[in-house]
Amino acid sequence: MPALPVSVIIPARNEARNLPRCLASLGDVGEVYLLDSQSTDDTVRVAQSYGARVVQFHYRGGWPKKRQWAMDTLPLAYDWVLLLDADEVLTPELSAEIQRAIRDPNFDGYYISLEMHFLGRRLRHSGASFWKLSLFRKGRGRYECRLSDQDKNMADMEVHEHVIVEGATRQLRQPLVHHNVESLDRYIQKHNEYSNWEARVWLDGNRDDEEIQPALYGTQAQRRRWLRRRLLEMPGSPMFFFLYKYLVRMGFLDGVPGLIYCTFQGVQFFHIKAKIYEIRASRMAA
């Protein structure tokens, strides 16, 4: 048995720059599947050089998207699934904690926090850290589907859908190291696709059937969803969101990377609201 008997799933597209750091941290795991979206750089070669199994994912719209498709389709060999991004690193401390956690029969899933690094600097403020349900028993976790009618312009993997686990969950202490961006060009490209999805979810998503309902006093995912919904309804919300991140969450203490990060967060809200307006206008003209 490997030291860490889990199946790791990593979605990727043109991630050759980030993958060596990520895959080098996974030497003790049972198996690594890299889901590639027809990368044009050396993503496949780099993944194979570290022993990862590369599977090509061809998205044609709709549901499921990349990670859920992998959980439904791949012959995962281990009882636990760990979802990582190509820009995340599994530290030895977190690996040891996971080894202990998966031996506990009382829990079926674990939330892991992100230690965010942006433009080479760790963001200790800016509201940049959050929790993801990244580790769960095989067959016990699945992604919520907030919008069935999706297309290729909305990214081929889950954006702000969350994993739902059947069973008890808790938080782990050690974080994942998340190198959020080293190339602003790629960051902007990805978030343009994310805003396409956000605008459609706002207009066409079935809010009443959402499995994670917005709630100010709920889980972190519920609070974040509640905040986004209120901000999207508020005039001037992109500026308010920037000020919230930069002043209230003290992003100014993160230096220039904090300023850039908080600004992009506000710009993302502006893109979503502008695309909501565009879609509504085109439907009225049709």
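Colleague: Why is Asn14 called partly exposed?

Modeller: Asn14 has a relative accessible area of 31%. Buried means under 20% relative accessible area, exposed over 50%, and partly exposed in between, with a 1.4 Å probe and protein chains only. Asn14 is therefore partly exposed. This is a predicted model, in which local features need pLDDT of at least 70, side-chain atom pairs count only at pLDDT 80 or more, and totals for chains, interfaces and linings use all residues. Residues are numbered from 1 along each chain as its sequence is written, and side-chain values use heavy atoms, with hydrogens and water left out.

Colleague: Where is Asn14 found, and what is its phi?

Modeller: Asn14 is in the loop between β1 and α1 (19–24). Helices (H or I, at least four residues) and strands (E, at least two) are DSSP runs, numbered from the N terminus. Its phi is near 55 degrees, a positive value in a residue other than glycine. Gln38 also has a phi near 55 degrees, and it lies in the loop between β2 (29–36) and α2 (43–49).

Colleague: What makes Gln38 partly exposed?

Modeller: Gln38 has a relative accessible area of 37%, so it counts as partly exposed.

Colleague: Why does Cys22 count as buried?

Modeller: Cys22 has 0% relative accessibility and is therefore buried. Cys262, with a relative accessible area of 0%, is buried as well.

Colleague: How many disulfides are there?

Modeller: A disulfide is a pair of cysteine sulfur atoms within 2.5 Å. By this rule the count is zero.

Colleague: Which residues does Ala3 contact beyond its neighbours within four places in sequence?

Modeller: Ala3 is in contact (heavy atoms within 4.5 Å) with Asp28 and Gln99. Ala3 sits in the segment before β1 (4–12), and at 44% relative accessibility Ala3 is partly exposed.

Colleague: Why is α6 called oblique to α7?

Modeller: Helix α6 (residues 220–233) and helix α7 (residues 237–248) pack at an angle of about 140 degrees, their axes 8 Å apart. Axes are lines fitted to C-alpha atoms, for helices over the stretch in contact, and angles run from 0 to 180 degrees between N-to-C directions. Angles under 35 degrees count as roughly parallel, over 145 as roughly antiparallel, 65 to 115 as roughly perpendicular and the rest as oblique. Helix α6 is therefore oblique to α7.

Colleague: Which residues make this contact?

Modeller: Leu227, Leu231 and Leu232 of α6 meet Ser237, Phe241 and Tyr244 of α7.
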